[in-house]
Amino acid sequence: GSLSGTLAEAAGDQLQWTIPMDFCAQLPNATSGTVQISCSTYNGSEYVGNAVIYVTLTVLPSVVPAIGAVQLRPVNDLAALDGVYVKGFSKAGYTVTASAPYGASVTACNVTLGSVSGGGTSRTTGVLTAAGTLIPAVTVKDSRGRTATRALDAITVEDYFLSSVFGFSARRCTENGTDSDSGTYLKIACTANCAAAGGRNSAALRARYCASSGAFNGYTAITGPTAILGGDLEVNRSYTVEVSATDTLGGSAAVTENIATAAVTVNIREGRKGIGVGKYAESDALEVALPAAFLAALQVGGVDLNGIRDFITETGSSGVWTYIKLKSGIKLCWTVYTFTADVNYAVGGSYYSQNYFGGGAFPSEFFTQDPVQLPVLQEASATAISLQTSAAGNCYTTGSWYFSRPVAATGVTGKVAVLAIGR
(Lines give C-alpha, C1' and ligand atoms only; values in the text may rest on other atoms or scores of the structure.)
Protein backbone atom coordinates (compact mmCIF):
# COMPACT_ATOMS: atom_id res chain seq x y z
CA GLY A 1 0.00 0.00 0.00
CA SER A 2 0.96 3.65 0.11
CA LEU A 3 -0.03 4.68 3.63
CA SER A 4 2.56 6.36 5.85
CA GLY A 5 2.40 8.60 8.87
CA THR A 6 3.39 9.21 12.48
CA LEU A 7 1.80 7.04 15.15
CA ALA A 8 2.89 9.12 18.14
CA GLU A 9 5.48 11.64 19.37
CA ALA A 10 7.02 11.68 22.84
CA ALA A 11 5.43 8.28 23.38
CA GLY A 12 7.61 7.29 26.30
CA ASP A 13 8.84 3.73 26.53
CA GLN A 14 5.69 2.01 25.12
CA LEU A 15 2.85 2.57 22.68
CA GLN A 16 -0.38 0.64 22.13
CA TRP A 17 -1.83 1.01 18.65
CA THR A 18 -4.97 -0.55 17.16
CA ILE A 19 -4.74 -0.98 13.41
CA PRO A 20 -7.77 0.64 11.70
CA MET A 21 -9.98 -1.60 9.51
CA ASP A 22 -9.49 0.94 6.72
CA PHE A 23 -5.98 -0.45 6.35
CA CYS A 24 -7.63 -3.48 4.63
CA ALA A 25 -8.09 -1.24 1.61
CA GLN A 26 -4.32 -1.34 1.18
CA LEU A 27 -4.64 -5.11 0.51
CA PRO A 28 -7.34 -5.36 -2.18
CA ASN A 29 -5.81 -8.50 -3.71
CA ALA A 30 -4.36 -10.30 -0.71
CA THR A 31 -5.31 -11.36 2.80
CA SER A 32 -2.05 -10.28 4.42
CA GLY A 33 0.74 -7.70 4.05
CA THR A 34 3.76 -6.26 5.79
CA VAL A 35 3.90 -3.01 7.78
CA GLN A 36 7.17 -1.26 8.54
CA ILE A 37 7.37 0.46 11.93
CA SER A 38 10.34 2.61 12.80
CA CYS A 39 11.10 4.07 16.24
CA SER A 40 13.50 7.00 16.78
CA THR A 41 14.91 7.46 20.30
CA TYR A 42 15.92 10.83 21.83
CA ASN A 43 17.58 11.72 25.08
CA GLY A 44 15.99 15.04 25.62
CA SER A 45 16.66 16.78 22.35
CA GLU A 46 19.66 14.66 21.52
CA TYR A 47 19.05 11.94 18.85
CA VAL A 48 20.13 8.54 20.13
CA GLY A 49 19.23 6.07 17.33
CA ASN A 50 16.53 4.37 15.22
CA ALA A 51 15.05 0.84 15.21
CA VAL A 52 12.94 -0.71 12.43
CA ILE A 53 10.64 -3.73 12.68
CA TYR A 54 8.33 -5.42 10.16
CA VAL A 55 4.93 -6.71 11.19
CA THR A 56 2.64 -8.98 9.13
CA LEU A 57 -0.96 -7.75 9.07
CA THR A 58 -3.76 -10.21 8.24
CA VAL A 59 -7.20 -9.22 7.02
CA LEU A 60 -9.75 -10.52 9.51
CA PRO A 61 -11.59 -13.74 8.43
CA SER A 62 -14.87 -11.86 8.77
CA VAL A 63 -13.95 -9.61 5.84
CA VAL A 64 -15.73 -11.48 3.03
CA PRO A 65 -17.87 -10.50 0.03
CA ALA A 66 -21.44 -9.43 0.66
CA ILE A 67 -24.31 -11.02 -1.29
CA GLY A 68 -27.18 -8.61 -1.76
CA ALA A 69 -30.37 -9.03 -3.76
CA VAL A 70 -30.71 -12.19 -5.89
CA GLN A 71 -33.37 -12.57 -8.56
CA LEU A 72 -34.06 -16.07 -9.90
CA ARG A 73 -36.53 -16.87 -12.67
CA PRO A 74 -37.37 -19.75 -15.03
CA VAL A 75 -36.17 -19.36 -18.63
CA ASN A 76 -38.00 -21.46 -21.23
CA ASP A 77 -37.86 -21.60 -25.01
CA LEU A 78 -41.47 -22.84 -25.06
CA ALA A 79 -44.07 -20.19 -24.27
CA ALA A 80 -46.30 -22.91 -22.78
CA LEU A 81 -43.83 -23.25 -19.88
CA ASP A 82 -43.59 -19.58 -18.95
CA GLY A 83 -43.30 -19.20 -15.19
CA VAL A 84 -42.46 -22.82 -14.31
CA TYR A 85 -39.33 -24.94 -14.11
CA VAL A 86 -39.57 -28.23 -16.01
CA LYS A 87 -36.91 -30.95 -16.12
CA GLY A 88 -35.18 -31.18 -19.48
CA PHE A 89 -36.62 -27.88 -20.76
CA SER A 90 -36.06 -25.05 -18.31
CA LYS A 91 -33.00 -23.06 -17.40
CA ALA A 92 -32.68 -20.66 -14.48
CA GLY A 93 -31.96 -17.03 -15.21
CA TYR A 94 -30.47 -15.05 -12.37
CA THR A 95 -29.17 -11.65 -11.37
CA VAL A 96 -26.94 -11.33 -8.31
CA THR A 97 -25.98 -8.10 -6.57
CA ALA A 98 -22.69 -8.53 -4.71
CA SER A 99 -19.88 -6.38 -3.38
CA ALA A 100 -16.46 -6.81 -1.78
CA PRO A 101 -15.40 -4.63 1.21
CA TYR A 102 -12.38 -2.40 1.73
CA GLY A 103 -11.24 -1.90 -1.82
CA ALA A 104 -11.54 -5.49 -3.03
CA SER A 105 -13.58 -6.41 -6.11
CA VAL A 106 -15.92 -9.29 -6.95
CA THR A 107 -14.06 -11.66 -9.28
CA ALA A 108 -16.49 -14.59 -9.59
CA CYS A 109 -20.10 -15.48 -8.98
CA ASN A 110 -21.67 -18.91 -9.33
CA VAL A 111 -25.26 -20.08 -8.93
CA THR A 112 -25.82 -23.83 -8.45
CA LEU A 113 -29.08 -25.78 -8.74
CA GLY A 114 -28.50 -29.47 -8.17
CA SER A 115 -25.91 -30.60 -10.73
CA VAL A 116 -26.41 -27.52 -12.95
CA SER A 117 -24.65 -24.21 -12.46
CA GLY A 118 -23.98 -20.89 -14.14
CA GLY A 119 -21.17 -18.38 -13.80
CA GLY A 120 -21.41 -14.58 -13.65
CA THR A 121 -23.66 -12.15 -11.84
CA SER A 122 -26.31 -12.03 -14.57
CA ARG A 123 -26.49 -15.21 -16.57
CA THR A 124 -28.52 -18.32 -17.38
CA THR A 125 -27.71 -21.82 -16.12
CA GLY A 126 -27.71 -24.93 -18.24
CA VAL A 127 -30.88 -26.96 -18.69
CA LEU A 128 -32.15 -28.40 -15.40
CA THR A 129 -31.74 -32.16 -15.40
CA ALA A 130 -33.39 -33.15 -12.11
CA ALA A 131 -36.99 -32.88 -10.94
CA GLY A 132 -38.18 -32.14 -7.41
CA THR A 133 -37.27 -29.53 -4.83
CA LEU A 134 -33.95 -27.80 -5.43
CA ILE A 135 -32.27 -25.29 -3.15
CA PRO A 136 -30.24 -22.80 -5.21
CA ALA A 137 -26.95 -21.62 -3.75
CA VAL A 138 -25.02 -18.46 -4.63
CA THR A 139 -21.25 -18.32 -4.11
CA VAL A 140 -19.30 -15.08 -4.59
CA LYS A 141 -15.51 -14.76 -4.64
CA ASP A 142 -13.51 -11.55 -4.29
CA SER A 143 -10.05 -10.41 -5.35
CA ARG A 144 -8.63 -11.48 -1.98
CA GLY A 145 -9.75 -15.06 -2.70
CA ARG A 146 -12.39 -14.89 0.05
CA THR A 147 -15.78 -16.46 -0.64
CA ALA A 148 -19.31 -16.16 0.69
CA THR A 149 -22.19 -18.57 0.05
CA ARG A 150 -25.89 -18.11 0.57
CA ALA A 151 -28.74 -20.57 0.11
CA LEU A 152 -31.84 -19.22 -1.59
CA ASP A 153 -35.47 -20.18 -1.24
CA ALA A 154 -36.23 -23.63 -2.65
CA ILE A 155 -37.70 -23.97 -6.13
CA THR A 156 -39.80 -26.80 -7.56
CA VAL A 157 -38.75 -28.38 -10.84
CA GLU A 158 -41.65 -30.23 -12.45
CA ASP A 159 -40.93 -33.69 -13.82
CA TYR A 160 -41.09 -34.53 -17.51
CA PHE A 161 -41.00 -37.89 -19.28
CA LEU A 162 -41.97 -38.95 -22.77
CA SER A 163 -45.65 -39.61 -23.28
CA SER A 164 -46.71 -43.23 -23.60
CA VAL A 165 -49.71 -45.29 -24.69
CA PHE A 166 -51.36 -47.59 -22.12
CA GLY A 167 -53.98 -50.32 -22.41
CA PHE A 168 -53.61 -50.48 -26.18
CA SER A 169 -55.65 -53.08 -28.06
CA ALA A 170 -56.88 -53.29 -31.64
CA ARG A 171 -59.16 -55.85 -33.26
CA ARG A 172 -61.46 -56.31 -36.20
CA CYS A 173 -65.08 -55.32 -35.69
CA THR A 174 -68.30 -54.48 -37.48
CA GLU A 175 -69.42 -50.93 -38.23
CA ASN A 176 -71.17 -50.67 -34.86
CA GLY A 177 -68.11 -51.86 -32.93
CA THR A 178 -69.06 -55.50 -32.37
CA ASP A 179 -66.00 -57.76 -32.33
CA SER A 180 -65.77 -59.87 -35.47
CA ASP A 181 -62.71 -61.68 -36.87
CA SER A 182 -64.09 -61.03 -40.35
CA GLY A 183 -64.95 -57.39 -39.69
CA THR A 184 -63.84 -54.67 -42.08
CA TYR A 185 -63.51 -52.05 -39.33
CA LEU A 186 -61.00 -51.61 -36.52
CA LYS A 187 -61.87 -51.02 -32.87
CA ILE A 188 -59.04 -49.37 -30.96
CA ALA A 189 -58.86 -48.94 -27.18
CA CYS A 190 -56.09 -47.02 -25.40
CA THR A 191 -55.25 -44.18 -23.06
CA ALA A 192 -52.35 -41.73 -22.99
CA ASN A 193 -50.00 -41.03 -20.12
CA CYS A 194 -47.93 -37.87 -19.98
CA ALA A 195 -46.08 -35.73 -17.46
CA ALA A 196 -48.27 -32.93 -16.10
CA ALA A 197 -45.32 -30.49 -16.08
CA GLY A 198 -47.07 -28.20 -13.63
CA GLY A 199 -50.35 -28.35 -15.53
CA ARG A 200 -48.73 -27.14 -18.75
CA ASN A 201 -48.68 -30.44 -20.63
CA SER A 202 -51.25 -32.79 -22.12
CA ALA A 203 -51.17 -35.58 -24.69
CA ALA A 204 -53.28 -36.26 -27.77
CA LEU A 205 -53.81 -39.70 -29.29
CA ARG A 206 -54.06 -40.53 -32.97
CA ALA A 207 -54.13 -43.75 -35.00
CA ARG A 208 -53.39 -44.98 -38.50
CA TYR A 209 -53.20 -48.36 -40.19
CA CYS A 210 -51.87 -50.06 -43.30
CA ALA A 211 -51.94 -53.41 -45.01
CA SER A 212 -48.96 -55.58 -44.12
CA SER A 213 -47.34 -54.85 -47.48
CA GLY A 214 -48.60 -51.29 -47.91
CA ALA A 215 -48.05 -47.74 -46.69
CA PHE A 216 -49.79 -46.08 -43.75
CA ASN A 217 -52.84 -43.97 -44.43
CA GLY A 218 -53.56 -40.64 -42.74
CA TYR A 219 -54.00 -40.19 -38.99
CA THR A 220 -57.35 -40.26 -37.20
CA ALA A 221 -57.65 -38.47 -33.85
CA ILE A 222 -58.73 -40.61 -30.88
CA THR A 223 -60.84 -38.51 -28.50
CA GLY A 224 -62.37 -41.19 -26.30
CA PRO A 225 -61.42 -44.49 -24.69
CA THR A 226 -62.28 -46.33 -27.93
CA ALA A 227 -62.38 -45.42 -31.61
CA ILE A 228 -63.74 -47.11 -34.73
CA LEU A 229 -61.64 -46.82 -37.90
CA GLY A 230 -61.59 -48.32 -41.34
CA GLY A 231 -64.46 -49.87 -43.19
CA ASP A 232 -62.14 -50.91 -45.98
CA LEU A 233 -60.24 -53.79 -44.38
CA GLU A 234 -60.09 -56.94 -46.53
CA VAL A 235 -60.67 -60.27 -44.84
CA ASN A 236 -57.76 -61.94 -46.65
CA ARG A 237 -55.13 -59.38 -45.68
CA SER A 238 -53.40 -58.60 -42.38
CA TYR A 239 -52.83 -55.05 -41.17
CA THR A 240 -50.60 -53.04 -38.87
CA VAL A 241 -52.20 -50.49 -36.54
CA GLU A 242 -50.14 -47.68 -35.03
CA VAL A 243 -51.27 -45.46 -32.15
CA SER A 244 -49.15 -42.51 -31.10
CA ALA A 245 -49.33 -40.12 -28.17
CA THR A 246 -47.93 -36.62 -28.75
CA ASP A 247 -47.74 -34.11 -25.93
CA THR A 248 -47.83 -30.33 -25.83
CA LEU A 249 -44.07 -30.12 -25.26
CA GLY A 250 -43.22 -32.11 -28.39
CA GLY A 251 -42.59 -35.55 -26.91
CA SER A 252 -44.18 -38.54 -28.58
CA ALA A 253 -44.29 -42.32 -28.48
CA ALA A 254 -46.01 -44.90 -30.65
CA VAL A 255 -47.11 -48.52 -30.29
CA THR A 256 -48.16 -50.96 -32.99
CA GLU A 257 -50.22 -54.10 -33.19
CA ASN A 258 -50.79 -56.61 -35.97
CA ILE A 259 -54.32 -57.39 -37.12
CA ALA A 260 -54.66 -60.87 -38.58
CA THR A 261 -56.71 -61.90 -41.58
CA ALA A 262 -60.14 -63.34 -40.98
CA ALA A 263 -60.02 -66.79 -39.36
CA VAL A 264 -60.40 -69.82 -41.63
CA THR A 265 -59.44 -73.43 -41.00
CA VAL A 266 -57.24 -73.81 -44.08
CA ASN A 267 -56.65 -71.52 -47.05
CA ILE A 268 -54.57 -72.23 -50.15
CA ARG A 269 -53.13 -69.13 -51.75
CA GLU A 270 -53.75 -68.37 -55.39
CA GLY A 271 -51.02 -70.14 -57.35
CA ARG A 272 -51.05 -72.96 -54.76
CA LYS A 273 -47.63 -72.05 -53.30
CA GLY A 274 -48.82 -70.84 -49.92
CA ILE A 275 -51.01 -72.40 -47.24
CA GLY A 276 -52.65 -70.64 -44.34
CA VAL A 277 -53.75 -72.58 -41.26
CA GLY A 278 -56.21 -70.63 -39.13
CA LYS A 279 -55.85 -67.64 -41.50
CA TYR A 280 -55.75 -66.65 -45.12
CA ALA A 281 -52.43 -67.38 -46.82
CA GLU A 282 -50.58 -64.16 -47.69
CA SER A 283 -47.22 -65.50 -48.88
CA ASP A 284 -45.67 -68.48 -50.58
CA ALA A 285 -45.09 -70.24 -47.28
CA LEU A 286 -46.83 -72.21 -44.56
CA GLU A 287 -48.45 -69.65 -42.24
CA VAL A 288 -49.91 -70.99 -39.01
CA ALA A 289 -52.21 -68.88 -36.81
CA LEU A 290 -53.45 -71.75 -34.61
CA PRO A 291 -51.76 -73.23 -31.54
CA ALA A 292 -49.62 -76.19 -32.60
CA ALA A 293 -48.98 -79.37 -30.60
CA PHE A 294 -46.21 -81.65 -31.88
CA LEU A 295 -46.49 -85.12 -30.38
CA ALA A 296 -43.28 -86.49 -31.85
CA ALA A 297 -39.72 -85.22 -32.29
CA LEU A 298 -39.49 -81.92 -34.15
CA GLN A 299 -36.62 -80.87 -36.38
CA VAL A 300 -36.13 -77.61 -38.24
CA GLY A 301 -33.38 -77.48 -40.85
CA GLY A 302 -31.97 -80.69 -39.45
CA VAL A 303 -31.79 -79.27 -35.90
CA ASP A 304 -33.54 -81.20 -33.13
CA LEU A 305 -35.62 -78.64 -31.19
CA ASN A 306 -36.58 -80.95 -28.33
CA GLY A 307 -33.40 -80.14 -26.35
CA ILE A 308 -33.75 -76.37 -26.52
CA ARG A 309 -34.20 -74.99 -23.00
CA ASP A 310 -35.14 -71.44 -23.93
CA PHE A 311 -36.69 -69.90 -26.98
CA ILE A 312 -38.41 -66.78 -28.25
CA THR A 313 -42.09 -66.61 -27.43
CA GLU A 314 -42.82 -63.09 -28.69
CA THR A 315 -41.26 -60.43 -30.84
CA GLY A 316 -42.60 -57.00 -31.62
CA SER A 317 -42.22 -53.27 -31.37
CA SER A 318 -43.61 -50.65 -29.01
CA GLY A 319 -42.96 -46.99 -29.62
CA VAL A 320 -39.28 -46.53 -30.35
CA TRP A 321 -38.47 -50.00 -29.01
CA THR A 322 -38.05 -53.38 -30.69
CA TYR A 323 -38.32 -56.28 -28.26
CA ILE A 324 -37.94 -60.03 -27.75
CA LYS A 325 -39.46 -62.14 -24.98
CA LEU A 326 -38.05 -65.56 -24.08
CA LYS A 327 -39.82 -68.53 -22.49
CA SER A 328 -37.57 -68.23 -19.41
CA GLY A 329 -38.93 -64.76 -18.70
CA ILE A 330 -35.84 -62.90 -19.95
CA LYS A 331 -36.73 -59.89 -22.06
CA LEU A 332 -34.65 -57.74 -24.39
CA CYS A 333 -35.50 -54.44 -25.99
CA TRP A 334 -33.41 -52.00 -27.98
CA THR A 335 -33.62 -48.65 -29.74
CA VAL A 336 -31.41 -46.00 -31.30
CA TYR A 337 -31.35 -42.38 -30.12
CA THR A 338 -30.27 -39.60 -32.43
CA PHE A 339 -28.77 -36.55 -30.77
CA THR A 340 -27.46 -33.05 -31.31
CA ALA A 341 -25.29 -31.70 -28.51
CA ASP A 342 -22.99 -28.81 -27.69
CA VAL A 343 -20.01 -30.34 -25.88
CA ASN A 344 -18.57 -27.07 -24.63
CA TYR A 345 -19.15 -26.86 -20.87
CA ALA A 346 -15.70 -26.74 -19.30
CA VAL A 347 -14.98 -28.71 -16.14
CA GLY A 348 -11.34 -29.23 -15.29
CA GLY A 349 -9.51 -30.16 -18.47
CA SER A 350 -12.50 -31.63 -20.30
CA TYR A 351 -15.69 -30.37 -21.93
CA TYR A 352 -19.17 -31.74 -21.34
CA SER A 353 -22.63 -31.45 -22.85
CA GLN A 354 -25.21 -29.79 -20.60
CA ASN A 355 -28.10 -31.44 -22.41
CA TYR A 356 -28.89 -35.00 -21.39
CA PHE A 357 -30.64 -37.59 -23.47
CA GLY A 358 -32.43 -40.79 -22.51
CA GLY A 359 -34.90 -41.10 -19.66
CA GLY A 360 -37.56 -42.46 -22.03
CA ALA A 361 -40.15 -45.00 -21.00
CA PHE A 362 -39.71 -48.69 -21.76
CA PRO A 363 -42.65 -50.50 -23.38
CA SER A 364 -45.60 -50.49 -21.00
CA GLU A 365 -45.29 -53.03 -18.16
CA PHE A 366 -42.34 -54.67 -19.94
CA PHE A 367 -39.85 -55.06 -17.07
CA THR A 368 -40.74 -55.89 -13.47
CA GLN A 369 -37.13 -55.59 -12.29
CA ASP A 370 -34.48 -53.00 -13.09
CA PRO A 371 -32.80 -54.21 -16.31
CA VAL A 372 -29.16 -54.03 -17.32
CA GLN A 373 -28.82 -51.10 -19.73
CA LEU A 374 -26.04 -50.98 -22.31
CA PRO A 375 -25.70 -47.66 -24.18
CA VAL A 376 -23.23 -47.68 -27.09
CA LEU A 377 -22.15 -44.67 -29.13
CA GLN A 378 -22.67 -45.79 -32.74
CA GLU A 379 -21.54 -42.72 -34.61
CA ALA A 380 -20.74 -39.04 -34.04
CA SER A 381 -19.81 -36.10 -36.25
CA ALA A 382 -16.84 -35.26 -33.99
CA THR A 383 -13.96 -37.47 -32.89
CA ALA A 384 -12.92 -38.40 -29.32
CA ILE A 385 -16.51 -38.28 -28.03
CA SER A 386 -17.10 -40.27 -24.83
CA LEU A 387 -20.44 -41.36 -23.41
CA GLN A 388 -21.00 -40.62 -19.70
CA THR A 389 -23.77 -41.88 -17.39
CA SER A 390 -25.85 -39.31 -15.52
CA ALA A 391 -28.59 -41.53 -14.06
CA ALA A 392 -28.92 -45.34 -14.02
CA GLY A 393 -32.65 -45.57 -14.77
CA ASN A 394 -35.05 -48.22 -13.48
CA CYS A 395 -37.60 -50.78 -14.68
CA TYR A 396 -39.79 -48.00 -16.10
CA THR A 397 -37.36 -45.65 -17.82
CA THR A 398 -33.91 -45.74 -19.32
CA GLY A 399 -30.93 -44.07 -17.77
CA SER A 400 -29.78 -40.69 -18.99
CA TRP A 401 -26.46 -39.90 -20.59
CA TYR A 402 -24.28 -37.00 -21.68
CA PHE A 403 -21.07 -36.54 -23.63
CA SER A 404 -17.51 -35.50 -22.88
CA ARG A 405 -14.62 -34.46 -25.10
CA PRO A 406 -11.09 -33.13 -24.54
CA VAL A 407 -11.76 -30.20 -26.91
CA ALA A 408 -14.95 -28.12 -27.07
CA ALA A 409 -17.31 -28.72 -29.99
CA THR A 410 -20.79 -27.46 -30.87
CA GLY A 411 -23.53 -28.98 -32.95
CA VAL A 412 -22.22 -32.54 -32.54
CA THR A 413 -24.66 -35.05 -34.05
CA GLY A 414 -24.78 -38.81 -33.92
CA LYS A 415 -26.55 -41.94 -32.75
CA VAL A 416 -26.53 -43.97 -29.53
CA ALA A 417 -27.89 -47.52 -29.41
CA VAL A 418 -29.41 -48.68 -26.11
CA LEU A 419 -29.97 -52.35 -25.24
CA ALA A 420 -31.87 -53.32 -22.07
CA ILE A 421 -31.91 -56.90 -20.71
CA GLY A 422 -34.00 -57.99 -17.77
CA ARG A 423 -37.16 -59.64 -16.52
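Strand 6 (residues 106-113) and strand 10 (residues 137-142) run antiparallel and are joined by 6 bridges. Strands here, like helices, are DSSP runs numbered from the N terminus, with at least two residues (E) for a strand and at least four (H or I) for a helix. Two strands count as paired if DSSP finds at least two bridges between them. All of this comes from a predicted model, in which local features need pLDDT of at least 70 and side-chain atom pairs count only at pLDDT 80 or more, while totals for chains, interfaces and linings use all residues. Residues are numbered from 1 along each chain as its sequence is written, and side-chain values use heavy atoms, with hydrogens and water left out.

Back to strand 6, with a look at who faces whom. Asn110 stands opposite Thr139 in strand 10, and Thr112 has Ala137 as its bridge partner in that strand. Thr112 also has a bridge partner in strand 7, namely Ser117.

Another open sheet has 3 strands in the order 20-21-22, and its pairing is mixed. Its edges are strand 20 and strand 22 (286-288), each with a single partner strand, so one side of each has no neighbour in the sheet. Neighbouring strands here are turned by 15° against each other on average, direction ignored. Strand 21 and strand 22 pair in the parallel sense, over 3 bridges. Val277 stands opposite Val288 in strand 22.

Most residues other than glycine have a negative phi. Ala197 has a positive phi of about 50° although it is not a glycine. Ala197 lies in the loop between strand 14 (185-193) and strand 15 (203-211). With 2% relative accessibility, Ala197 counts as buried; the cut-offs are under 20% relative accessible area for buried and over 50% for exposed, with partly exposed in between (1.4 Å probe, protein chains only). Arg272 also isn't a glycine, and its phi is a positive value near 60°. Arg272 is found in the loop between strand 20 (266-268) and strand 21 (275-277). Arg272 is exposed, with a relative accessible area of 76%.

Finally, there is Ser164, which has its place in strand 13 (residues 164-173). Ser164 is buried, its relative accessible area being 13%. Leaving aside residues up to four places away in sequence, Ser164 touches Thr191, Ala192, Asn193, Ala245 and Ala253, where contact means heavy atoms within 4.5 Å.

Definitions and conventions: Axes are lines fitted to C-alpha atoms, for helices over the stretch in contact, and angles run from 0 to 180 degrees between N-to-C directions.
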